[in-house]
Amino acid sequence: MSDETVGRDGTALVLVGVAMSHYSSANRYGELPKAECLIREIAKALPFISTVIIDKPLSELPADLARALPYGELANQSLIVIWSGHGVTVAGGHLRLIVSNTVEPTMNETYQPAALAELAGNTRANQILFIIDTCHSAAGILPMFEAIQTISDAAMKTEDVWVGILAASQSYGKARDGALLSQLRDLLSAGPKTPEQRTIW
């Protein structure tokens, strides 16, 4: 991340996207062909340093995410983290993020929303926006906020950290492939449609 993109206030801007479009258990988890291209289009529309991680198995994903979200190295920067793919809920309403080689949605075969939030929080970015584009994505909101809060409390941080989570669906609902991210891409590339919203934008 040596070539930094800097925002108007002097802060660096970083985007990390994870797209899970293809699955080895295709009979259980259908392909999501729009995930990768939409994340790349959003990255192109924003003046951010971008890393896009595509169709990784669980054995490789943590290392790739750790490189893209380096511990303590994004202080005073703005960070967007996008995850697009399949998500399922299990007993207790816990969201599990399906990776390319998931067979059963157990904790050992999926990625956890709280783990993603912990990595992002530990970068020390001062603004973090998560966009979770999966079915049942709202079920991950509370665990993600709790993970960020735990990091902040442990570090005894005095500076403010802004955290937002944009979920594609209710905890009990399904998401349509590409629906959220295509709206976001269009908003970033063309702005709002009505004159009133354009003025605010």
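User: What makes E4, E5 and E6 an open sheet, and in which order do they stand?
Analyst: In this predicted model, the 3 strands are ordered E4-E5-E6 with antiparallel pairing. Strands (E, at least two residues) are DSSP runs numbered from the N terminus, as are helices (H or I, at least four). E4 (87-90) and E6 each have a single partner strand and stand at the edges, so one side of each lacks a neighbour in the sheet.

User: How do you know that E4 and E5 pair?
Analyst: Two strands pair if DSSP finds at least two bridges between them. E4 and E5 (residues 94-98) have 4 bridges, in the antiparallel sense, so they meet that definition. Valine 88 stands opposite arginine 96 in E5.

User: Where is confidence lowest and where is it highest among the elements named?
Analyst: pLDDT is the predictor's confidence in each residue, from 0 to 100. Helix H6 (residues 195-200) has the lowest mean, 74, and strand E6 (residues 110-111) the highest, 98. The protein averages 89, and 91% of the residues score at least 70.

User: What does the model show over residues 6-10?
Analyst: Their pLDDT stays under 50, and the model has 4 contacts (heavy atoms within 4.5 Å) for them beyond four places in sequence.

User: Which rules apply to the numbering and the values?
Analyst: Residues are numbered from 1 along each chain as its sequence is written, and side-chain values use heavy atoms, leaving out hydrogens and water. Local features need pLDDT of at least 70 and side-chain atom pairs count only at 80 or more, while totals for chains, interfaces and linings use all residues.
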